[in-house]
Amino acid sequence: MLAALLSSDLPAEVRTLISGCALVGVGLTACISCRYRATRSIGLRRRAYHLWSLACLSAALGNLGLMLNGAQRDRQTISASDITLLATLLLAAAGVITFPLARRRGTDLVRMLLDGVVVGGSILAVVSIRTWSQVAAMDPVVAVVNLIAPVIDIVVATLATLLFMRSARGDRSVLGATAIGFTLYAISDLLYALRLVGTGSFELGTPVDLGWMAGYALIAWSVANASTPDARQDEGQVESSPVIGTATVFTVFLLAALLSLVGVEEVRVNFVSGVLWAVVLLAVLGRQFFLVIDNEQLRRTLEQRVVERTRSLRQVTRQSDLLVNSVGDGIYGVDRFGLITFVNPAAADALGYEALELIGHDAHATFHAPAPSGVSYPADSCYIVEAIRDGLVTSAEEDSYLRADGLEIPVEVTATPLTDDGATLGAVVVFRDVTQRREVDRLKNEFVSMVSHELRTPLTAIRGSLGLLAGGALGALTPAASRMVDIALVSSERLTRLINEILDLERMEAGALPMELHDLPAAGLVRTALEQASVLATEAGVALRVVHAEGVVRADEDRVVQTLLNLLGNAIKFSDPGQEVTVQSVRRGSFVEFEVSDSGRGIPEDKLDAVFARFQQVDSSDAREKGGSGLGLAISRSIVERLGGRIWARNNDDGGAAFRFTLPASLAAPHASPPRTAEAALQARDRVPDPAPAG
């Protein structure tokens, strides 16, 4: 609309008034916008916005004075408005120079200033050559005041453009719009100067004024919508390549030289144009000189950083090698193809190889021992392949490694995938020779078994004698004597149960306890276990409830009921009177999952796995307060694992704990061949799904 009004046939006084009011209005708007942004900024940004606010205020006052004085200019006099508008440009330049760069080097600001001088000086030199006769007729002071304004505008626009290319990402919208605004402002100032030189006068109210208005408006809009980047974002940014800035400066310089020659019949280099070209050439040489200095500083800094980083990397590498080589456990790494990439001395010594002999060999094929039948285990089920292919972490898995001399050694393995940015690069395997530990376990088991067997005979005699005494075989006992005999009888029965549990556990772990597998409905197993546990639940005031029972399992009935009874007894023992214990079974693929859940105090997260170890209690006082030997869960785990399943514990979201175990489902399909022995079910154990989360 303003463009249409300023280009219309309205009287000159009306167009001057419209243009003057618009210039004052957009100047004050830009001033308020910069002031608003300054109050919400800190550091150099706050200072830059303050300077721009003063510049816009100065421009508004200058345009107001120019409008009040008739809005007409000639090339023989200067006014206070000229000085005010010149101060506006200097304040704007100071604001652009003050605006923070992402990471400013020592010569960066100097090069930016010289770039502005080259661009502005080149344009002014062309103008001086083409309009020298008119410029010579002007008063020298007036000429300097009026012709220096376009130069400062061009310098400021150049600086804003260079700042846009080197600024932090959050500042680019502000500086981009600001650079365009200063460019429009510079174009209007240049047209103003050419008209003043060519015609000898200038007045507001023409389309030339639109450049100033648009410049103010862009600055006001961009500053009002600016964001304040984080200081860390500034530090993370670096200056872009100086190629674009150098190409721009030299392009303007060469175009100015060509324009000074094209269309001029006789080139007369006057004193002013000569001085301008000399200044431009010195600025070009200066910027290149500082660019060389800057590049040299960068080269030296880069070389120093490379040396420091190399030294640090070597130190870290030495420390890592020292740590890996000092570890007593064997450690080796493989790439994504399973080929060994490094081996520590402990691993090479345990396997009977030199470390370099193993590099490049397939880990699984080289030292993973075959099955007892002599057939190699499939590589697809190896924990190394699972770590690389599926990202699975294997912890404390037992395996057998084959030494270079053909001797097999039992090991405990932990395999972890080696990832970088989400991509699996290989795996790291840590193993420990557990030969001595297995020997200790064997001796301990033999000792426990021997002691248990030796205790059963005298215990049988003790129980029999106590039973006879309690039954009055030697006559009636006094109440005190009867009470003591009852206590001794209960204690002997408890000790007998403990010995039987130990013997059962030893036989199961040794594979000496036979199991007869049949197709058994899960509902019948749950019902049998609940019937046997009902007396204990009634005494404790705890209710038993079946939530859901489905599926048919291939298992030993007595052992599954024993497992359910152990879990039910454990849940009842840790439930308060009035609470409820629930049981359910659900078909999950080729397995049936059983769950026994209570509403008691739950299990500490760090003991969810430990409770399945021998003689383990959640709390040390449980053995005294709740009773029990701490073998029930260990026996349950042995039973489930021998039947080809898995057992685990989880805490419920609403309180209490849930014990779950899986058993192979009955294979009813005609082509399927169900396992006939517990050993056959045990071979299918690796196909058991991972424990599902409790809930």
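A: Aspartate 421 is found in the loop that runs between strand 6 (408–420) and strand 7 (423–433). The model is a predicted one, and in it aspartate 421 adopts a positive phi of about 55°, although the residue is not a glycine. The side of the question that concerns solvent is settled by its relative accessible area of 80%: aspartate 421 is exposed, because the cut-off for that class is over 50%.

The chain around this loop may be described next. The protein chain contains 23 helices and 14 strands. Of its 695 residues, 42% are buried. Among contacts between residues at least 6 apart in sequence, 70% join residues at least 24 apart.

Two packed helices are described by the angle between their axes and the distance between the axes. In the pair formed by helix 19 (residues 522–540) and helix 20 (residues 557–573), the axes come within 9 Å and cross at roughly 30°. Angles under 35 degrees count as roughly parallel, so helix 19 is roughly parallel to helix 20. Helix 19 passes helix 20 in a right-handed crossing. By class, this contact of helix 19 with helix 20 comprises 14 nonpolar, three polar and one charged residues.

At 22% relative accessibility, asparagine 566 counts as partly exposed. Its C-alpha atom is 9.5 Å from that of alanine 529, a residue 37 places apart from it in sequence. With residues up to four places away in sequence left out, asparagine 566 touches Gly632, Ile635 and Ser636.

The second pair lies earlier in the sequence numbering. The axes of helix 2 (residues 12–39) and helix 3 (residues 43–68) come within 8 Å and cross at roughly 165°. Since the threshold is over 145 degrees, helix 2 and helix 3 are therefore roughly antiparallel to each other. Helix 2 passes helix 3 in a left-handed crossing. Their contact has 16 nonpolar, five polar and three charged residues by class.

Leucine 2 provides a link to a further helix. This residue is located in helix 1 (residues 2–6) and, at 30% relative accessibility, counts as partly exposed. Leucine 2 touches Ile18, Ala22, Leu210 and Met213, again leaving out residues up to four places away in sequence. Leucine 2 and leucine 210 are 208 residues apart in sequence, yet their C-alpha atoms are 7.7 Å apart in space.

Met213 is one of the buried residues of helix 9, and the others include Trp212, Tyr216, Ile219 and Val223. An α-helix has 3.6 residues a turn, so residues three or four places apart point the same way. Helix 9 (residues 209–224) has 16 residues, which should span 22 Å at 1.5 Å a residue. The C-alpha atoms at its ends are 23 Å apart, which agrees with that expectation.

Conventions: Residues numbered from 1 in each chain as written. Predicted model: local features only at pLDDT ≥ 70, side-chain atom pairs only at ≥ 80, totals over all residues. Heavy atoms only, no water. Axes fitted to C-alpha atoms, helices over the stretch in contact; angles between N-to-C directions. Helix = DSSP H or I, 4+ residues; strand = E, 2+ residues; numbered from the N terminus. Parallel < 35°, antiparallel > 145°, perpendicular 65-115°, else oblique. Left-handed = near helix turned anticlockwise from the far one by under 90°. Nonpolar A, V, L, I, M, F, W, Y, C, P; charged D, E, K, R; others polar. Expected span 1.5 Å × (residues − 1). Buried < 20%, exposed > 50% of the residue type's maximum accessible area, 1.4 Å probe, protein only. Contact = heavy atoms within 4.5 Å.
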